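Here is a short briefing to read with the model open beside you. Take a look at the fold, then follow the points below.

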Amino acid sequence: MSLLEIKNAHLKLDDKNILNGVSLSVNKGEVHAIMGPNGSGKSTLSYMLAGRDGYELEEGEILLDGISLSEMEADERARLGLFLAFQYPVELPGVGGMSFLREAVNSRRKFLGEEELDHLAFVKEARKEASKMYVKDEMLKRAVNVGFSGGEKKRFEILQMAMLKPTVSILDETDSGLDVDALKIVSDGVNAQRNNDNAIVVITHYQRLLDYIIPDFVHILSDGVIIKSGGPELALEVEKNGYSGLINAASVSYTHLTLPTKRIV
């Protein structure tokens, strides 16, 4: 059984079809990359998986470890083990970073039937993981993402991932706005979380992130459907030739499949 299963997902926004039958199976221990041009539906797919308001399926189903997510709110999906790292992490004025992390971690531990961490145990664990992401104590004392640089926001996102230990992590264009040094730190943090019991889905425009987070599978999304899947070499093909050739080939293939055949009398 797949850890994450997306079955024939259809979704509309403002009466416009955005996802037009996305199907994807992700198994334990796998890293999948979803690539595609602007407007292909990549971020919409991530919001739909995470349960963002207004991004409910018109048709299809999402299963996390065999459990349907379709009727679950975003917080329920998070406690179950789904994590979304945002392309543009939001600021939370008045909410301290350490308090935010502790509440999120203990909420998930309680859901799993595990003992909640007391203050001292949590601080020790948070500082240990934060040091790996070059997140200083001063950042943890500040309001979440308020006044953070782009790189600091992304490092704090991956710190959350490390603390929550999700079953499936969705990284929505995590490389956006990062310089080379920040990209390496963030990628190292993601790679440190890879194991045989979880899965990661990386959503990106570009090959460069996949030089650091090497996927097992690459999928090309265009016009709300996956038009081609392959290994890491598919990302290299996109880097070299762009998306247009793949999109045109998929369009020709689809036309040949759907053209009516001449009736033989």
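A nonpolar core here is a set of buried Ala, Val, Leu, Ile, Met, Phe, Trp, Tyr and Cys residues joined through side-chain atoms within 4.5 Å, where buried means under 20% relative accessible area with a 1.4 Å probe, protein chains only. This is a predicted model, in which local features need pLDDT of at least 70 and side-chain atom pairs count only at pLDDT 80 or more, while totals for chains, interfaces and linings use all residues. Residues are numbered from 1 along each chain as its sequence is written, and side-chain values use heavy atoms, leaving out hydrogens and water.

**Nonpolar cores**
- The largest core has 43 residues, and M35, F122, L140, L159, L171, V202 and I220 touch the most other members.

**Around L159**
- Beyond its neighbours within four places in sequence, L159 is in contact (heavy atoms within 4.5 Å) with residues including L101, M133 and L140.
- L159 is also among the α6 residues that meet α3, along with F156, Q160, M163 and L164.

**Around H219**
- H219 sits in strand β11, residues 217–222 (strands are DSSP runs of E, at least two residues).
- H219 counts as buried because its relative accessibility is 6%.
- Leaving aside neighbours within four places in sequence, the contacts of H219 include H32, M35 and S229.

Technical notes. Helix = DSSP H or I, 4+ residues; strand = E, 2+ residues; numbered from the N terminus. Buried < 20%, exposed > 50% of the residue type's maximum accessible area, 1.4 Å probe, protein only.
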